[in-house]
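This report looks at charged side-chain contacts and a metal site. Please keep the sequence and the 3D view at hand while reading.

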Amino acid sequence: MPDLFADFFAVLYEMPLLGVIIWSVLENIIIFVVVLVVGEWLVRRYSQHRVTEIPEPLSRTEILLAASCVFLNAVVTVAGVLLWQAEIIRVRFNVSAWEVLADTFILFFAMDLAMYVFHRVAHHPLLYPLIHQTHHQYENPRPLTLFVLNPFETMGFGVIWLILLVVYPAAWLSIIIYLMLNIVFGLVGHLGVEPMPNRWINLMFSRYVSTSTFHAEHHFDKAHNYGFYTLIWDKLFRTLSPDYTADFQAAWQGTRIPTENA
Ligand SMILES: [Zn+2]
Ligand SMILES: [Zn+2]
């Protein structure tokens, strides 16, 4: 399997611009479709554990914003490949399992902190209407809401990611694992239902890992929960919602938003 990936990276490194563009667009469309399909399945599977009200019917604006987000994510992907071909971004191959593990942690926590800071800055009254208000128009998230972002916000996240790759030459497998984790956390945060079991918020490590309830709370309470993957920065900077435990337990018990069949 790693050989297959290594061959793929070798092809990508030599790929002409048109090929890079086509590959990036296809990759981002596939991610978009997988997120929606898996998300829809999870929403149905955990429908008895609602954190938020069932969202309003889908609007044209949401669809257009999501399409623009997928397009811009492809632009960021193209930029990343071109920067790598120009050796401004360096990717490490021939790495040990330990190096892969270490780099995955580094990318995960560096992005978690950088996005926490970016998110708090985006809530500043001067910047909020320009870059972040769009996402907050949807108080009751659904999987598609992950992509319903103002274009400036999509580009902001993309630029943070590319800067990290320029600054830190990461292992190739860590980059792939991180990108997959980023999609998983983004999807979970916008389910509107809580798939994690009750013990999640009590166990030693998992209690610091973000949940669906955690990000859903941010959609109806903009003053708390600015983190994405972990609760660490919200705990450290005292922005964690005081209702987090109660909301999580109520969602898991199915009493937060009682559904018809509950
Ligand atoms: Zn959100
Ligand atoms: Zn926000």
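## Salt bridges

A salt bridge here is a side-chain nitrogen of Lys or Arg within 4 Å of a carboxyl oxygen of Asp or Glu. The model is predicted. By this rule it holds 5 salt bridges.

One of them joins Asp-247 and Arg-256. Their N to O distance is 3.3 Å. That pair counts as a salt bridge because 3.3 Å falls within the 4 Å cut-off. Asp-247 is buried, at 11% relative accessible area. Arg-256 is partly exposed, at 26%.

For Arg-92 and Asp-103, the closest N and O atoms are 2.6 Å apart. This pair links distant parts of the chain. Arg-92 sits in the loop between helix H3 (60-85) and helix H4 (97-122). Asp-103 lies in helix H4, and the two are 11 residues apart.

Is Asp-103 buried or exposed? Asp-103 is buried, with 2% relative accessibility. It counts as buried because its value of 2% is under the 20% limit. Arg-92 is partly exposed, with a relative accessible area of 25%. Glu-99 is also partly exposed, at 32%. Both values, 25% for Arg-92 and 32% for Glu-99, lie between the 20% and 50% limits, so neither residue counts as buried.

## The zinc site

Which protein residues are donors of the zinc ion (ligand 2)? They are His-119, His-123, His-132, His-136 and His-218. Each gives its NE2 atom. The donors lie 2.0 to 2.2 Å from the zinc ion. Along the chain, their spacing reads H-x3-H-x8-H-x3-H-x81-H.

Within this set, His-123 and His-218 link distant parts of the chain. His-123 is in the loop between H4 and helix H5 (128-136). His-218 is in helix H8 (residues 212-220).

Key. Residues numbered from 1 in each chain as written. Chains lettered and ligands numbered in written order. Predicted model: local features only at pLDDT ≥ 70, side-chain atom pairs only at ≥ 80, totals over all residues. Heavy atoms only, no water. Buried < 20%, exposed > 50% of the residue type's maximum accessible area, 1.4 Å probe, protein only. Helix = DSSP H or I, 4+ residues; strand = E, 2+ residues; numbered from the N terminus. Donors = N, O, S within 2.8 Å, 3.2 Å for Na, K, Ca; no water.
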